[in-house]
Every structure is written in structure tokens, then in C-alpha cells.
Amino acid sequence: MKIHESAENYLETILILEKRKGAVRSIDIANELEYTKPSVSVAMKQLRLGEYIDMDKSGYIVLREKGRAIAERMYERHTMLTGWLKMLGVSDEVASEDACKIEHVISAESFEAIKSYVESQK
């Protein structure tokens, strides 16, 4: 099943917030992404139905195995592509914004080629 870019962004954001804060609730996601609480609530429901996340009775969100796999893939792509663009002289803000766009459309083959190249330059 193909997951949409918005779902990838939500999963990546959950992972980032988990790393930063430990526990994640919908309000944290809304604040991080500057989305409305109702929008985030709808998205979390869809991610639960798709079995990408679990949510306990207190509203804490936990990535399930397949949700974590997607989140980690997006996070790796984002951080590596941001670093690569900065290495090329792109400003921090633009590099991060562009990496966020590229991470969703780049093929696994192209990403791995860029990643190998970047790692060989270290």
C-alpha cells in the first residue's frame, strides 16, 4: 500500500518529537507542524486505522513497526539530504525545506547513490 506524503510527514514528526520529548501527543504534533488540532486528530485516526500508530487512553502516540520503518526512512532521507545541500552551500533553512520536498519523491536507488557519494566525501 502506498502511503501519502502527508502521512509520511506525520510519522516523521512523531519520530522527531519522540526523540526530543520522549512521549508524544496530538497537541505536540499540532504545535510542531502548526496545524489545527482537528486536522491532526483526523490524521491520527487514519494512521491508527492503517496500523501505523497506537494511541493509549491518555492520548500518547506510539509508532508501530511499519510506522516506525517509514518514519526512520523519511528521517534518514531528510537529515542526509539537508546535510548534502548545506555541503553544497545552500542555506540551512532552504536546505531543510528542499530536503523535505525531495525526501518524498526520490527513488531508493537515487537516494542510495547520493548517500554513498556523500559518505565517500567525508
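Reader: What makes Ala95, Ala99, Glu103 and His104 of α5 count as buried?

Author: This is a predicted model, and the answer is a computed value. Buried means under 20% relative accessible area. In α5, Ala95, Ala99, Glu103 and His104 are buried.

Reader: What covers the buried residues of α5?

Author: The cover includes α1 and α4. Contact here means heavy atoms within 4.5 Å.

Reader: Why is Glu34 called exposed?

Author: Exposed means over 50% relative accessible area. Glu34 has 72% relative accessibility, so Glu34 counts as exposed. Glu34 lies in the loop between α2 and α3. Its phi is positive, about 60 degrees, although Glu34 is not a glycine.

Reader: Why does Glu51 count as partly exposed?

Author: Buried is under 20% and exposed is over 50%, with partly exposed in between. Glu51 has 45% relative accessibility, so Glu51 counts as partly exposed. Glu51 is found in the loop between α3 and β2. Glu51 also has a positive phi, near 65 degrees, and is not a glycine.

Reader: What makes a group of residues a nonpolar core, and how many residues has the largest one?

Author: Buried residues of nonpolar types such as Leu, Ile and Met must be joined through side-chain atoms within 4.5 Å. The largest such core has 21 residues. Leu11, Ile29, Met44, Leu47 and Ile53 have the most contacts inside it. α1, α2, α3, β3 and α4 each supply at least two residues of this core. The largest share, six residues, comes from α1. Another core, of seven residues, lies apart from it, with Met80 and Phe111 among them.

Reader: Which residues does Leu11 touch?

Author: Leaving out residues up to four places away in sequence, Leu11 touches Ile3, Leu47, Tyr52, Ile53, Leu63, Gly67, Ile70 and Ala71.

Reader: How do you know that β1 and β3 pair?

Author: Pairing needs at least two bridges between the strands. β1 and β3 have two bridges, in the antiparallel sense. Arg25 stands opposite Tyr60 in β3.

Reader: What makes β1 and β2 edge strands?

Author: The open sheet has three strands in the order β1-β3-β2, with antiparallel pairing. β1 and β2 each pair on one side only.

Key: Residues numbered from 1 in each chain as written. Predicted model: local features only at pLDDT ≥ 70, side-chain atom pairs only at ≥ 80, totals over all residues. Heavy atoms only, no water. Buried < 20%, exposed > 50% of the residue type's maximum accessible area, 1.4 Å probe, protein only. Helix = DSSP H or I, 4+ residues; strand = E, 2+ residues; numbered from the N terminus.
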